[in-house]
Amino acid sequence: MAEINVRKIIRSVLQYGVALGIAFVLAGVILSFGLERFLFFPMSYIISLAKLNLSLVKFTLLITVTPDVPLALMSIGIIIFIFIPIARAILTVMMFAVEKDRLYSVLCAVVVAIVLLAFFVVGPFMHGVGR
(Lines give C-alpha, C1' and ligand atoms only; values in the text may rest on other atoms or scores of the structure.)
Protein backbone atom coordinates (compact mmCIF):
# COMPACT_ATOMS: atom_id res chain seq x y z
CA MET A 1 0.00 0.00 0.00
CA ALA A 2 1.36 3.41 -0.93
CA GLU A 3 2.26 5.60 2.00
CA ILE A 4 0.56 8.97 2.08
CA ASN A 5 3.11 11.74 2.35
CA VAL A 6 1.18 14.43 4.21
CA ARG A 7 4.11 16.85 4.10
CA LYS A 8 3.99 16.85 0.29
CA ILE A 9 0.25 17.45 0.43
CA ILE A 10 0.76 20.37 2.84
CA ARG A 11 3.45 21.80 0.57
CA SER A 12 1.17 21.49 -2.47
CA VAL A 13 -1.77 23.11 -0.67
CA LEU A 14 0.42 26.04 0.34
CA GLN A 15 1.97 26.46 -3.12
CA TYR A 16 -1.25 26.13 -5.10
CA GLY A 17 -3.24 28.13 -2.57
CA VAL A 18 -0.84 31.06 -2.77
CA ALA A 19 -0.75 30.83 -6.57
CA LEU A 20 -4.55 30.73 -6.75
CA GLY A 21 -4.92 33.63 -4.32
CA ILE A 22 -2.42 35.72 -6.27
CA ALA A 23 -4.21 34.87 -9.53
CA PHE A 24 -7.57 36.04 -8.18
CA VAL A 25 -6.18 39.25 -6.68
CA LEU A 26 -4.17 40.01 -9.81
CA ALA A 27 -7.19 39.37 -12.04
CA GLY A 28 -9.24 41.73 -9.90
CA VAL A 29 -6.56 44.42 -10.02
CA ILE A 30 -6.19 44.12 -13.80
CA LEU A 31 -9.94 44.26 -14.33
CA SER A 32 -10.31 47.21 -11.97
CA PHE A 33 -7.97 49.23 -14.17
CA GLY A 34 -9.93 48.26 -17.27
CA LEU A 35 -9.30 45.35 -19.56
CA GLU A 36 -8.92 47.50 -22.67
CA ARG A 37 -5.56 48.78 -21.47
CA PHE A 38 -4.16 45.26 -21.43
CA LEU A 39 -5.63 44.05 -24.73
CA PHE A 40 -4.29 44.75 -28.19
CA PHE A 41 -7.74 45.08 -29.75
CA PRO A 42 -10.71 47.31 -28.85
CA MET A 43 -13.67 46.19 -26.78
CA SER A 44 -15.98 46.67 -29.76
CA TYR A 45 -14.21 43.70 -31.35
CA ILE A 46 -14.98 41.56 -28.27
CA ILE A 47 -18.62 42.72 -28.35
CA SER A 48 -18.95 41.78 -32.03
CA LEU A 49 -17.38 38.37 -31.31
CA ALA A 50 -19.83 37.85 -28.44
CA LYS A 51 -22.65 37.83 -30.97
CA LEU A 52 -21.08 34.67 -32.41
CA ASN A 53 -22.11 32.94 -29.14
CA LEU A 54 -18.62 31.96 -28.02
CA SER A 55 -18.82 31.16 -24.31
CA LEU A 56 -15.27 32.37 -23.50
CA VAL A 57 -15.87 35.70 -25.19
CA LYS A 58 -19.24 36.02 -23.44
CA PHE A 59 -17.46 35.44 -20.11
CA THR A 60 -14.91 38.12 -21.02
CA LEU A 61 -17.74 40.47 -21.93
CA LEU A 62 -19.48 39.75 -18.60
CA ILE A 63 -16.30 40.54 -16.70
CA THR A 64 -15.73 43.83 -18.50
CA VAL A 65 -19.34 45.01 -18.19
CA THR A 66 -20.02 44.21 -14.52
CA PRO A 67 -18.34 46.73 -12.21
CA ASP A 68 -18.50 44.56 -9.06
CA VAL A 69 -16.49 41.67 -10.51
CA PRO A 70 -12.98 43.10 -9.86
CA LEU A 71 -13.78 43.62 -6.18
CA ALA A 72 -15.35 40.17 -5.97
CA LEU A 73 -12.26 38.56 -7.53
CA MET A 74 -9.94 40.37 -5.12
CA SER A 75 -12.17 39.34 -2.21
CA ILE A 76 -12.04 35.70 -3.29
CA GLY A 77 -8.24 35.95 -3.40
CA ILE A 78 -8.13 37.39 0.11
CA ILE A 79 -10.47 34.68 1.39
CA ILE A 80 -8.15 32.08 -0.12
CA PHE A 81 -5.22 33.70 1.70
CA ILE A 82 -7.20 33.58 4.95
CA PHE A 83 -8.05 29.90 4.56
CA ILE A 84 -4.54 28.73 3.61
CA PRO A 85 -3.30 28.65 7.25
CA ILE A 86 -6.53 26.96 8.34
CA ALA A 87 -6.07 24.28 5.67
CA ARG A 88 -2.46 23.87 6.77
CA ALA A 89 -3.52 23.40 10.39
CA ILE A 90 -6.14 20.81 9.40
CA LEU A 91 -3.55 18.95 7.33
CA THR A 92 -1.11 19.11 10.25
CA VAL A 93 -3.73 17.41 12.45
CA MET A 94 -3.98 14.69 9.81
CA MET A 95 -0.18 14.42 9.64
CA PHE A 96 0.13 13.91 13.39
CA ALA A 97 -2.76 11.42 13.30
CA VAL A 98 -1.01 9.42 10.59
CA GLU A 99 2.17 9.48 12.66
CA LYS A 100 0.06 8.38 15.67
CA ASP A 101 1.22 11.33 17.76
CA ARG A 102 -1.82 11.88 19.99
CA LEU A 103 -0.52 14.88 21.94
CA TYR A 104 0.18 17.04 18.89
CA SER A 105 -2.93 15.78 17.10
CA VAL A 106 -5.07 16.99 19.99
CA LEU A 107 -3.18 20.29 20.31
CA CYS A 108 -3.52 21.05 16.60
CA ALA A 109 -7.19 20.01 16.65
CA VAL A 110 -7.81 22.45 19.51
CA VAL A 111 -6.09 25.23 17.54
CA VAL A 112 -8.21 24.45 14.46
CA ALA A 113 -11.38 24.40 16.58
CA ILE A 114 -10.53 27.77 18.17
CA VAL A 115 -9.79 29.38 14.79
CA LEU A 116 -12.97 28.02 13.21
CA LEU A 117 -15.02 29.04 16.27
CA ALA A 118 -13.60 32.56 16.10
CA PHE A 119 -14.17 32.79 12.37
CA PHE A 120 -17.67 31.34 12.08
CA VAL A 121 -19.25 32.01 15.49
CA VAL A 122 -17.56 34.89 17.30
CA GLY A 123 -16.88 36.98 14.18
CA PRO A 124 -20.48 37.07 12.93
CA PHE A 125 -21.76 37.60 16.48
CA MET A 126 -19.45 40.58 16.98
CA HIS A 127 -20.59 42.13 13.69
CA GLY A 128 -24.28 41.64 14.44
CA VAL A 129 -25.01 39.04 11.78
CA GLY A 130 -26.83 36.78 14.22
CA ARG A 131 -28.96 39.55 15.72
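This is a predicted model: local features need pLDDT of at least 70, side-chain atom pairs count only at pLDDT 80 or more; totals for chains, interfaces and linings use all residues.
Residues are numbered from 1 along each chain as its sequence is written, and side-chain values use heavy atoms, with hydrogens and water left out.

I noted that Phe-96 has a relative accessible area of 16% and is therefore buried (under 20%; exposed is over 50%, partly exposed in between, with a 1.4 Å probe and protein chains only). From its C-alpha atom to that of Leu-107, eleven residues along the chain, I read 10.0 Å.

Next I checked how α4 and α5 pack: the angle is about 155 degrees and the axes are 8 Å apart (lines fitted to C-alpha atoms over the stretch in contact, angles running from 0 to 180 degrees between N-to-C directions). The two helices are therefore roughly antiparallel (over 145 degrees).

Then I turned to the surface. A nonpolar patch there includes Ile-78, Phe-119 and Met-126, and its residues together have about 880 Å² of accessible area (Shrake-Rupley method; patch members have over 30% relative accessible area and no salt bridge, nonpolar side chains being joined within 5 Å; a salt bridge is a Lys or Arg side-chain nitrogen within 4 Å of an Asp or Glu carboxyl oxygen). I found that α4 (69–98) and α5 (102–126) each give two or more residues, with the largest share, seven, from α5.

Technical notes: Patches are made of residues with over 30% relative accessible area and no salt bridge: like charges are joined within 9 Å, nonpolar side chains (Val, Leu, Ile, Met, Phe, Trp, Tyr) within 5 Å. Accessible areas come from the Shrake-Rupley method with a 1.4 Å probe; for residues, only the protein chains shown count as cover. Helices (H or I, at least four residues) and strands (E, at least two) are DSSP runs, numbered from the N terminus. Angles under 35 degrees count as roughly parallel, over 145 as roughly antiparallel, 65 to 115 as roughly perpendicular and the rest as oblique.
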